[in-house]
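Here's a quick briefing to read alongside the sequence and the model. Grab a viewer and follow along, one topic at a time.

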Amino acid sequence: MAGVRAAALLPVGREWRHLLIAAAGFATVFAALAGNAVMPLLAVLLGAALLVAYRGADEAERGGYLLVAAAGIALLACEFFYLKDAYGEKLYRMNTVFKLYFQAWTLLAIATPWCVDRLRAHRWQWSPMPRAITAALVLLMAAAACYPLGITADRMGTPYRTLNGNAYLGREHPDDYAAIAWLRENVRDFPVILEASGNPYSYYARFSSNTGLPTVMGWANHEGLWRAHDRIVEERRGHVARMYNAPTLPEIAPLLDRYRVRYIVVGDLERQDYQPAGLQKFAALDVA
């Protein structure tokens with residue numbers, strides 16, 4: 001009975017297909033006149049997916065439509081809302097699109113095999129040109145495969161072919177790698193690590209990143225950007241430099257207590273950025 005009621009709510013056969021075609025055509029014309037193809041096309045996609053999911057699909061098929069609808073909501077939201085961040089007006093939508101599109105791509109990637117299977121199973125019902133539709137799908141899939149195939153070929157051409165994201169540590173920073181491995185095996189709870197603070201998207205914060213343990217300050221620039229350049233970020237970065245550069249341990253004891261520092265890193269980055277006389281004071285401490 002549920003299937004009969006759901007079917008009764010939909011236009012019959014060709015009328016249903018004609019309605020969708022008309023809506024898509026209207027959206028295309030509107031997009032051409034308005035100069036924004038994204039909003040109306042996404043609105044049609046979202047509306048069709050939701051309508052079919054709740055009025056035309058049984059429970060076994062509803063999941064695929066809802067995945068497409070959820071992706072459509074995420075994409076459409078970027079056309080109406082954005083997060084006002086510290087990047088300014090020139091990049092005012094960048095992070096909103098960046099974050100929401102990531103989620104939409106994941107949802108569509110999950111839904112794509114199901115969608116292709118449905119199109120393959122029913123193409124004869126809605127298209128007089130099944131071969132043309134198949135060719136279009138093949139071209140779209142080939143275009144979508146350009147990046148993953150290209151980047152895989154590029155990485156396979158290097159001598160370091162591995163899925164281990166930490167392999168480079170053992171190869172390029174063996175001392176850091178050994179210390180990180182020790183922390184992973186021996187440290188419990190979440191003690192604070194003191195390590196060098198530096199620029200974002202760099203090797204800085206490598207101990208906290210690879211162990212999950214907190215540090216006093218990692219990428220200060222990035223932290224400041226997402227905290228509206230709060231003065232506390234710069235204060236912490238200055239405190240990190242002071243703890244490394246101060247010549248004696250008693251001078252930095254209040255800061256070590258304030259940030260509850262349990263482990264102090266003295267590696268290549270620290271020797272590069274801070275004063276040798278300041279680093280020498282840590283030799284008096286017990287070495288793990």
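A167 sits in helix α8, in what is a predicted model. With a relative accessibility of 25%, A167 falls in the partly exposed class, since that class covers the range between under 20% (buried) and over 50% (exposed).

**Around N166**
- N166 belongs to the loop that links α7 (146-156) and α8 (167-172).
- Its relative accessibility is 17%, so N166 counts as buried.
- Leaving aside residues up to four places away in sequence, N166 touches Y177, R184 and N210.

**The α12 and α13 pair**
- Helix α12 (residues 231-245) and helix α13 (residues 249-258) have axes that come within 10 Å and cross at roughly 135°.
- That makes α12 and α13 oblique to each other, because an angle has to be over 145 degrees to count as roughly antiparallel.
- The handedness of the α12 and α13 crossing is left-handed.
- On the α12 side, the residues involved are E235, H239, R242 and M243, and they meet E251, I252, L255, L256 and R258 of α13.
- Sort the residues of this contact by type and you get 4 nonpolar, 1 polar and 4 charged.

**Positive phi outside glycine**
- D189 has a phi near 65°, which is positive even though the residue is not a glycine.
- You'll find D189 in the loop between α9 (174-186) and β1 (192-194).
- D189 has 66% relative accessibility, so it counts as exposed.
- Y201 is another non-glycine residue with a positive phi, at about 55°.
- Look for Y201 in the loop between β1 and α10 (206-211).
- Y201 counts as exposed too, because its relative accessibility is 66%.

**The chain as a whole**
- The secondary structure consists of 15 helices and 2 strands.
- Of the 288 residues in the chain, 28% are buried.
- Among contacts with a separation of 6 or more, 52% are between residues 24 or more positions apart.
- The chain has an accessible surface of about 19100 Å², and carbon and sulfur atoms account for 63% of that.

How values were computed:
Residues numbered from 1 in each chain as written. Predicted model: local features only at pLDDT ≥ 70, side-chain atom pairs only at ≥ 80, totals over all residues. Heavy atoms only, no water. Helix = DSSP H or I, 4+ residues; strand = E, 2+ residues; numbered from the N terminus. Buried < 20%, exposed > 50% of the residue type's maximum accessible area, 1.4 Å probe, protein only. Contact = heavy atoms within 4.5 Å. Areas by Shrake-Rupley, 256 points an atom, 1.4 Å probe, with all protein chains shown as cover. Axes fitted to C-alpha atoms, helices over the stretch in contact; angles between N-to-C directions. Parallel < 35°, antiparallel > 145°, perpendicular 65-115°, else oblique. Left-handed = near helix turned anticlockwise from the far one by under 90°. Nonpolar A, V, L, I, M, F, W, Y, C, P; charged D, E, K, R; others polar.
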